[in-house]
Amino acid sequence: MQYGQQPIRVGIVGLGTVGGGALRLLKDNASEIARRTGCPIVVSHVGVRRDRPECDTSGIRVSRDVFAVVRDPDVDILVEVMGGTTTAREVVTQALEQGKHVVTANKALLAEHGNEIFALAEAKGRFVAFEAAVAGGVPIIKVLREGLAANRINAVAGIINGTGNFILSEMRQKGRDFYEVLKEAQAMGYAEADPAFDVEGIDAAHKLTILASLAFGIPLQFKKVYAEGITRLTAADVAYAAELGYQIKHLGLARRTELGIELRVHPTLIPAERLISNVHGVKNAVLVLADPVGPTLYYGSGAGAGPTASAVVADLVDVARAMRNQPVGAGRAGVPHLAFQPDALDNTPILNIDQVHTAYYLRLLANDRPGVLADVTGILSRYSISIEAILQKPAHAADHAAGKAPIILLTKVVCEAAMNAAIGEIEALTDILDHVVRIRLETLDA
Ligand code: HSE
């Protein structure tokens with residue numbers, strides 16, 4: 001069957017921030033979208049488990065049972081924007097089984113179950129499009145899958161959680177309280193249903209899983225991503241980092257090395273002069289280091305109704321165009337779901353965090369007496385850890401009175417296992433008080 005000028009019919013499952021935004025956008029920009037697609041894209045059925053009076057569903061069939069949308073023969077493309085991984089997995093699987101194409105913003109679903117979902121989509125000759133799953137309105141999926149298809153990608157580093165970046169920016173620039181800013185992010189529709197996903201790095205790990213598969217042609221491997229959140233960052237570390245010429249950002253980093261692939265999400269010192277260091281608020285940015293193109297940087301709003309709906313609707317246009325141009329079941333117009341042909345994915349090992357190589361910021365609280373620094377540098381030297389910079393700060397009044405002094409060290413790149421061992425020995429010194437604070441540092445140069 002060929003699609004002509006007749007409308008492409010869309011069913012939306014979930015009318016939260018993203019679904020509501022997509023519904024509105026399809027209406028507001030209907031004529032522009034039809035001009036691009038070659039036919040109208042209309043919402044024919046919405047599945048929503050509770051009333052959403054803020055969404056204008058006039059003229060649209062509304063069901064409480066989301067599976068009624070999945071079964072509806074008047075739906076060509078199913079938009080899954082309900083979130084979660086249980087019912088959503090069932091919805092997407094059944095939609096593909098029913099012969100529908102799927103557009104989803106669900107990064108958790110794809111990171112955790114994407115391998116099976118894409119295999120099913122391939123078997124059924126249906127599309128699963130997911131631009132909205134990573135970096136909101138920034139079209140980074142298309143960039144990796146299509147725009148950079150000629151390149152060997154060496155690393156992808158991104159600020160890929162808008163909520164976390166918004167919190168860090170507000171804390172640093174306005175001295176605001178962590179939880180107060182988090183509440184604001186929730187009210188603005190940036191935060192995940194469980195905001196721990198944002199602040200503990202899980203959301204960024206989901207997104208990094210997807211980016212890494214697209215960049216390196218590997219299966220989705222969420223469980224192998226190392227994730228550390230921003231909840232333990234202190235204002236003191238942010239200030240010391242700034243004094244040394246760095247910004248602390250919550251970074252997702254996927255890097256190809258000779259040993260394997262690093263997949264990690266954690267607070268990271270980045271040189272203040274890098275463009276990505278100046279990405280603030282809910283904005284996201286993804287830096288791609290590729291050969292031969294070199295570094296390229298993609299920037300925009302990472303969360304919220306408008307940006308995410310922009311990505312969902314772009315996927316709808318993409319799928320609708322392909323449906324009009326080829327018989328249903330003919331596959332994804334030659335563009336595989338994970339950028340590489342399914343039978344060409346490879347199993348490059350994912351490194352454990354202790355195999356990762358990175359530089360470090362260390363903060364120690366020490367008894368202020370001669371020889372302590374020599375003891376510390378002696379330990380670092382035994383582990384072949386070179387020091388890049390040292391900063392000894394005057395202690396706050398209470399620490400000063402107690403004869404304690406903070407010492408900040410920046411190291412050169414070292415294997416994390418060696419750093420762990422060195423930190424263990426440093427913490428065992430009687431003149432070192434408290435745990436050593438360690439934050440990884442990346443220069444992000446090509
Ligand atoms: N909670 C996510 C974020 C939403 O803040 O980035 C967009 O994926």
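A polar contact here is a pair of N or O atoms within 3.5 Å; within protein, one must be able to donate a hydrogen and the other to accept it, and residues adjacent in sequence count only if both atoms are side-chain atoms.

Some ground rules. This is a predicted model: local features need pLDDT of at least 70, side-chain atom pairs count only at pLDDT 80 or more, and totals for chains, interfaces and linings use all residues. Residues are numbered from 1 along each chain as its sequence is written, and side-chain values use heavy atoms, with hydrogens and water left out.

Now the ligand. Which residues surround the ligand? Among them are Lys107, Asn161, Thr163, Tyr190, Glu192, Asp198 and Lys207. To be near, a residue needs a heavy atom within 4 Å. By class, the shell has three nonpolar, four polar and five charged residues. Gly counts as polar, Tyr and Ala as nonpolar, and Asp, Glu, Lys and Arg as charged. Helices α7 (162–174) and α10 (202–216) each supply at least two shell residues. Helices are DSSP runs (H or I, at least four residues), strands likewise (E, at least two), numbered from the N terminus.

A side-chain N or O atom of Thr163 is 2.6 Å from an oxygen of the ligand. Glu192 puts a polar side-chain atom 2.6 Å from a ligand nitrogen. For Asp198, the distance to a ligand nitrogen is 2.7 Å. Alone, the ligand exposes 250 Å², and the protein buries 93% of that. Those areas are Shrake-Rupley values with a 1.4 Å probe.

On to the sheet. Six strands form an open sheet, ordered β3-β2-β1-β4-β5-β6, with parallel pairing. Pairing takes at least two DSSP bridges. Which strands are at the edges? They are β3 (61–63) and β6 (128–129), each pairing on one side only. Strand β2 (residues 41–47) pairs with β3 over three bridges, in the parallel sense. Gly47 stands opposite Ser63 in β3.

Last, two backbone details. Most residues other than glycine have a negative phi, and most peptide bonds are trans. The bond from Asp291 to Pro292 is cis, with omega near 15 degrees. Pro292 is in the loop between β11 (283–291) and β12 (294–301). Ser384 has a positive phi, near 60 degrees. Its loop runs between α13 (372–382) and β14 (387–392).
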